[in-house]
Amino acid sequence: MIEAPAAQAWYVYGVVDATTAAPVDDVRLVEHGALAAVVGQVPLADFAEDVLAERLNDRVWLEAHVRAHEDVLMRLAERATVVPFRFGVIYRELGDVTAMLRQRRDELAAALAHVRGRVELGVKAWADRARVEAALGDAPAGGSGGRAYLERRRTEEERAQRATALMTEIAQGAHERLLAAAVEGVANRPQPRELTGREETMILNGAYLVEDGGTALSELLRTLQDEYAPSGVDFELTGPWPPHNFVEPPEDA
Amino acid sequence: MSRNDVSRAGGGLQTRPSQPAQLADVLERVLDKGIVIAGDIKINLLDIELLTVRIRLLVASADKAKEMGIDWWEGDPFLSRNGRDQRDLDSRLRRLESAAGIEEGDGE
């Protein structure tokens, strides 16, 4: 059975300099002036309004498409400066992609200039509450009887509060020091345990824009790890990522 | 895909060789960050039920964090650059949830 060619649409992953060399695999560049949009063909049927809600709520579909989006950006970022778009920018005609580049030219050029030669690194800090509390010492005293019990409860409560204060202090202090080793940085909401699936509490979910591959930040991270591991906090580095966190214009601009 | 896992083995940093980037990290970046452009096809990311579940988890976590006193990134415009977005999301999420009759604690 011969089927008519499915209607296609253009999915835009992001923007690069028009001088960027041949793009990866099955994506192509749509140039306008000094800018080029990185686009790929997708079946229009996948993004038709009547099926879109269903597709977006299909966990497998969503993960595959979100990862594909990131994968194209990652491979581009290995060879060029890229300004990532958020998921789901789709046009019916290539001419509309060019029109978008024309309309957003200044903003996109500024974003490209801002991230040129820089990468995004992610830093997470994980607190193991039991270790944090243990590191604070003064374990509740033994003993029996009502008075000893109340005393013990009070000590436990105080220790939990001090642990919380310490975790906050470590996360905030680490973020400030990481900022000093970066061009720019942002502390995003720590991800909840339901998402991380880990026992430890995420107390820092930072993203940092760095130069030279982030050597200074990586070194600092080792220092932070050595410094805070005894207090029950471990650091994790992810990336380099395409600079998702650093391409939006400042809200007050 | 190993590019997302440059955590160093030396110096005691956690390392996760040969694992793909955590899905939560990718979702956070691809769905919540990056330049926002309205294309031809309107994709309302807030209409993703999976996403609203995800956002609700984040909201619940923020409340929980507040309870624990770990909310230092809130309220500081520099540290929580996306605070305004988040409040907007929160209120839209509550409207969506009440419209859909979603109870707190529902799974996906």
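Predicted model: local features only at pLDDT ≥ 70, side-chain atom pairs only at ≥ 80, totals over all residues.

Q: Which domains is chain A divided into?
A: Domain 1 (8-116) and domain 2 (119-246), with bounds from an automatic or database domain assignment. Their C-alpha centres lie 35 Å apart.

Q: How many residues of domain 1 of chain A are in contact with domain 2?
A: Seven residues of domain 1 are in contact with five residues of domain 2. Contact means that the C-beta atoms, placed from the backbone, lie within 7 Å.

Q: Which element gives the most to that side of domain 1?
A: Helix H2(A) does, with three residues. Helices (H or I, at least four residues) and strands (E, at least two) are DSSP runs, numbered from the N terminus.

Q: New topic. How many residues has the largest nonpolar core?
A: It has 65 residues, and Val12(A) and Val83(A) are among those with the most contacts inside it. Such a core is a set of buried Ala, Val, Leu, Ile, Met, Phe, Trp, Tyr and Cys residues joined through C-beta atoms within 7 Å.

Q: Where does this core lie?
A: Domain 1 and domain 2 of chain A both give residues to this core, so it lies between them.

Q: And Leu108(A), buried or exposed?
A: Leu108(A) is buried, with 24 other C-beta atoms within 10 Å. Buried takes 20 or more such atoms, exposed 12 or fewer, and partly exposed is in between, with C-beta atoms placed from the backbone. Leu108(A) sits in helix H4 (residues 105-115) of chain A.

Q: What does Leu108(A) touch?
A: Leaving out residues up to four places away in sequence, Leu108(A) touches Val15(A), Leu35(A), Val83(A) and Leu101(A).

Q: Last one: which residues of H8(A) are buried?
A: Leu217(A), Leu221(A), Leu224(A), Gln225(A) and Tyr228(A). Seen down the axis of H8(A), they fall within an arc of 100 degrees, so they line one face of the helix. The arc is that of the directions from the helix axis to the C-beta atoms.

Q: What is on the face turned away from the buried side of H8(A)?
A: That face carries the exposed residues Thr215(A) and Thr223(A).

How values were computed. Residues numbered from 1 in each chain as written. Chains lettered and ligands numbered in written order. Contact = placed C-beta atoms within 7 Å.
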